[in-house]
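Please look through the sequence and the model shown below, and then follow the questions and answers one at a time.

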Amino acid sequence: MSRRSSSRARRRVPTLLAFLLFGALLANLSTPRPHPDRPPNASPRPTPADSSGPPRALPGGRSKVFDGHFLVAYYGSPQSTRLGVLGESTPDAMTARLRRAGRPFATKDRKVQPVYELIVTVVDARPGRGRDYSHDIPKRYVRQYIRAAHRHGALVILDLQPGRSDFLTVAKRWEWALKDPWVGIALDPEWRMRKHQIPARVVGSVDAREINRTSAWLAALVRRERLPEKVFMLHQFKPSMIRRIHAVKPRPGLAMVQHIDGFGPPRAKLATYHRVARPGQFTMGYKLFYDEDRPRQKPADVLRIRPKVRLVTFQ
């Protein structure tokens with residue numbers, strides 16, 4: 001995804017080349033690749049919480065996502081190596097890499113929480129059966145990662161790219177997974193299309209009203225199932241991607257995260273971060289790209305960013 005160097009230094013927006021490349025990728029996704037792991041048959045979902053007992057805990061026994069922890073995530077989808085690093089190998093192998101990537105973010109007072117950010121609803125270049133330009137990955141892959149999370153003390157974030165559907169409709173399809181106490185959600189407005197829009201031709205957007213409907217539903221699920229706090233994350237790299245962002249409501253039981261995306265040289269990435277970030281409203285997240293960031297910022301660089309970053313994702 002390239003632009004003239006002067007333009008890249010000024011702003012982080014997807015380019016025409018980026019859309020063409022992603023469009024080619026989307027077409028390739030219509031025939032999923034087999035995953036190297038044989039998915040397990042057993043469901044990882046825990047038994048329903050006892051309504052008279054305490055909420056189930058996050059890894060380490062805590063109830064709050066960021067309580068004494070810095071989150072480090074790998075991003076991707078198990079059916080493609082092109083959507084992010086998480087699809088390059090098995091969950092167990094990727095966990096070992098993820099832990100190595102997270103070590104520099106730890107201090108004696110702050111532990112690193114590994115996270116799998118798994119794209120579970122993937123945007124498509126064609127309308128598909130539902131005419132909404134997106135599809136869900138098979139549930140067996142999600143179960144596989146939830147099982148791995150419970151083996152390794154990791155969190156799972158389900159990333160949604162809804163196409164022409166809406167976030168609440170898509171999120172409800174993943175309710176079975178969100179009942180797990182270690183599973184949260186991320187909304188990616190870049191791929192939220194309006195009625196006549198086509199993915200990879202425009203940058204999508206969402207209104208605060210739709211975000212609030214989705215977060216209200218998830219907060220109600222947390223209360224009903226007596227779950228610990230969940231990540232509720234919003235991806236963004238342009239102000240226009242979230243209309244009326246000031247109206248996005250905080251929710252009890254949800255850790256509200258604004259994740260600033262965008263790749264390129266550090267100066268451009270930081271300019272995007274400072275233009276878009278709303279630290280008074282959200283906990284801040286930041287993305288590092290293995291291939292597209294030239295040069296890629298080091299962990300020490302990320303830890304010096306102000307407002308402070310408390311979640312970093314590698315793609």
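Arg-244 is partly exposed, with a relative accessible area of 37%, where buried means under 20% relative accessible area, exposed over 50%, and partly exposed in between (1.4 Å probe, protein chains only). This is a predicted model, in which local features need pLDDT of at least 70 and side-chain atom pairs count only at pLDDT 80 or more, while totals for chains, interfaces and linings use all residues. Residues are numbered from 1 along each chain as its sequence is written, and side-chain values use heavy atoms, with hydrogens and water left out.

Q: Which residue meets Arg-244 in a salt bridge at 2.9 Å, N to O?
A: A salt bridge is a side-chain nitrogen of Lys or Arg within 4 Å of a carboxyl oxygen of Asp or Glu. Arg-244 lies in the loop between strand 8 (242-243) and strand 9 (254-260), where helices (H or I, at least four residues) and strands (E, at least two) are DSSP runs, numbered from the N terminus. The side chain that meets Arg-244 in a salt bridge, at 2.9 Å from N to O, is that of Asp-207.

Q: Is Glu-210 buried or exposed?
A: Glu-210 forms a salt bridge with Arg-192, and their closest N and O atoms are 2.8 Å apart. The pair links distant parts of the chain, with Glu-210 in helix 7 and Arg-192 in the loop between strand 5 and strand 6. Because its relative accessibility is 8%, Glu-210 counts as buried.

Q: How many residues does the largest nonpolar core have?
A: A nonpolar core is a set of buried Ala, Val, Leu, Ile, Met, Phe, Trp, Tyr and Cys residues joined through side-chain atoms within 4.5 Å. Among the residues with the most contacts inside the largest one are Tyr-116, Trp-174 and Phe-232. The number of residues in this largest core is 67.

Q: Where is Pro-295 placed, given that the peptide bond from Arg-294 to Pro-295 is cis?
A: The peptide bond from Arg-294 to Pro-295 is cis, with omega near -5 degrees. Pro-295 has its place in the loop between strand 10 (283-288) and helix 9 (299-303).

Q: Why does Ala-200 count as buried?
A: Ala-200 has a positive phi of about 75 degrees although it is not a glycine, and its place is in the loop between strand 5 (183-187) and strand 6 (206-207). Ala-200 counts as buried because its relative accessibility is 7%.
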